[in-house]
Each structure stands twice: as C-alpha cells, then as structure tokens.
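Biologist: I would like a close look at one part of this model. Please start with a loop and then work into the packing around it.

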Amino acid sequence: MNSILRSTARCLRAGGAAAVRLPAAGQQHRQTDGGHVLSLASARLLCAATGDVLKDLGDMVKKDKVVVFMKGTPAQPMCGFSNAVVQILRMHGVDDYSAYNVLEDADLRQGVKEFSNWPTIPQVYFNGEFVGGCDILLQMHQNGDLVDELRKLGINSAMMDAEKEAK
C-alpha cells in the first residue's frame with residue numbers, strides 16, 4: 001500500500017491527476033497507522049505525468065554510451081541476471097556506464113519495460129539504443145558481437161587486449 005501512496009504523491013508533485021478506486025459498500029477497509037482508511041480492493045493510479053516518465057527515460061538512455069537498468073547497483077547487484085550483466089561488462093573492461101536501480105522506484109521499473117517494450121530487467125542500452133537483457137548480452141559476449149559493438153562505441157574491449165597479450 002505504501003508504494004501506491006508514494007506513486008500517488010509523485011504523480012501529484014509532477015502535476016498529474018490521481019484517482020483511487022474506493023470500495024463499494026460492504027467491501028472491507030483497513031485503517032493504517034496514520035488513521036487513514038484504505039481499501040483492501042486494488043487501487044488504481046491514473047497519472048497524466050506518464051509521458052514525462054517516458055521522456056525522462058529517453059534522456060536517461062542517452063546519458064552515457066552504455067546504460068543499464070538493473071536490480072541493485074553494479075557494486076551490489078540484487079539478482080543473478082543483473083549480476084551477470086555487470087560481470088560481462090567488467091570482463092570487457094566497461095566500468096564507465098550509467099546504472100539505474102529499478103528497485104528504488106516502481107515507476108522507473110515499469111516505465112523502462114514500457115519504454116523498451118521488453119518485459120524483463122536488466123536492460124542494456126548502447127548509445128541510446130536498446131540492446132536487450134542478460135540473455136542477449138551473454139549471447140553477444142559468447143559469439144564475439146559484444147567486442148564489435150563496444151568498438152562502435154569507441155570502447156576497446158579488455159577481452160581483445162587479453163587475447164593480444166596471449167599471442
């Protein structure tokens with residue numbers, strides 16, 4: 001319920017309109033610590049600021065050459081797939097990238113899924129273009145495409161440097 005209240009507050013601060021569906025007569029209510037009556041029925045948030053979230057995401061994905069939306073942070077990933085993306089980037093020597101923790105903001109988490117039309121997290125972007133999730137990045141790493149894509153970004157893969165040293 002707290003996430004509904006936070007989302008509503010964010011929406012109102014952004015100038016959006018919010019509405020919560022109240023229960024019909026006879027449905028159960030619950031009283032919160034603050035004395036407010038909230039419905040046990042699902043609440044619906046209608047926010048006119050949704051377009052702003054998508055615009056913000058458009059700006060966010062262009063912020064750096066490499067942008068990752070993940071669960072947790074690069075220093076402390078909170079799921080195995082996010083950890084795998086961080087490790088793949090680390091193996092290639094990509095340390096300078098923007099990472100956004102979707103666990104800190106439910107609107108960001110849902111918004112990035114809608115923005116990319118991709119249902120899962122993590123999500124990786126190169127130069128503002130959606131690359132894919134963990135599975136795609138892993139496949140690119142395994143078949144060598146990631147080295148080529150990083151080169152297009154002006155990033156020399158550490159995997160290539162290690163290969164040259166081995167010869």
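Predicted model: local features only at pLDDT ≥ 70, side-chain atom pairs only at ≥ 80, totals over all residues.

Where is Pro-122 found?

Modeller: Pro-122 sits in the loop that runs between helix H4 (106–116) and strand S5.

Asn-117 is not a glycine, yet its phi is positive, near 60°. Its relative accessibility is 68%, so Asn-117 counts as exposed, the cut-off for that being over 50%.

Asn-127 lies in the loop between S5 and strand S6 (129–132). Asn-127 is another non-glycine residue with a positive phi, about 50°. With 47% relative accessibility, Asn-127 counts as partly exposed.

Now the core. The largest nonpolar core has 18 residues. Within it, Val-66, Val-68, Leu-89, Phe-126 and Leu-137 touch the most other members. At least two core residues come from each of strand S3 (66–70), helix H3 (80–91), strand S5 (123–126), helix H5 (134–143) and helix H6 (145–152). H3 is the top contributor, with 4 residues. In general, nonpolar side chains in soluble globular proteins tend to be buried together.

Leaving out residues up to four places away in sequence, Val-66 touches Leu-89, Val-94, Tyr-97, Ser-98, Tyr-125, Phe-126, Leu-153 and Ile-155.

Two packed helices are described by the angle between their axes and the distance between the axes. For H3 and H5, the angle is about 30° and the axes are 9 Å apart. H3 is therefore roughly parallel to H5, since angles under 35 degrees fall in that class. The crossing of H3 and H5 is left-handed.

Which residues meet there? On the H3 side they are Phe-81, Ala-84, Val-85, Ile-88, Leu-89 and Met-91. On the H5 side they are Cys-134, Leu-137, Leu-138 and His-141. By class, the H3–H5 contact has 9 nonpolar residues, 1 polar and no charged. Leu-89 and Leu-137 belong to this helix contact, and both are among the core residues that touch the most other members.

How values were computed. Residues numbered from 1 in each chain as written. Heavy atoms only, no water. Core = buried A, V, L, I, M, F, W, Y, C linked by side-chain atoms within 4.5 Å. Buried < 20%, exposed > 50% of the residue type's maximum accessible area, 1.4 Å probe, protein only. Contact = heavy atoms within 4.5 Å. Axes fitted to C-alpha atoms, helices over the stretch in contact; angles between N-to-C directions. Parallel < 35°, antiparallel > 145°, perpendicular 65-115°, else oblique. Left-handed = near helix turned anticlockwise from the far one by under 90°. Nonpolar A, V, L, I, M, F, W, Y, C, P; charged D, E, K, R; others polar.
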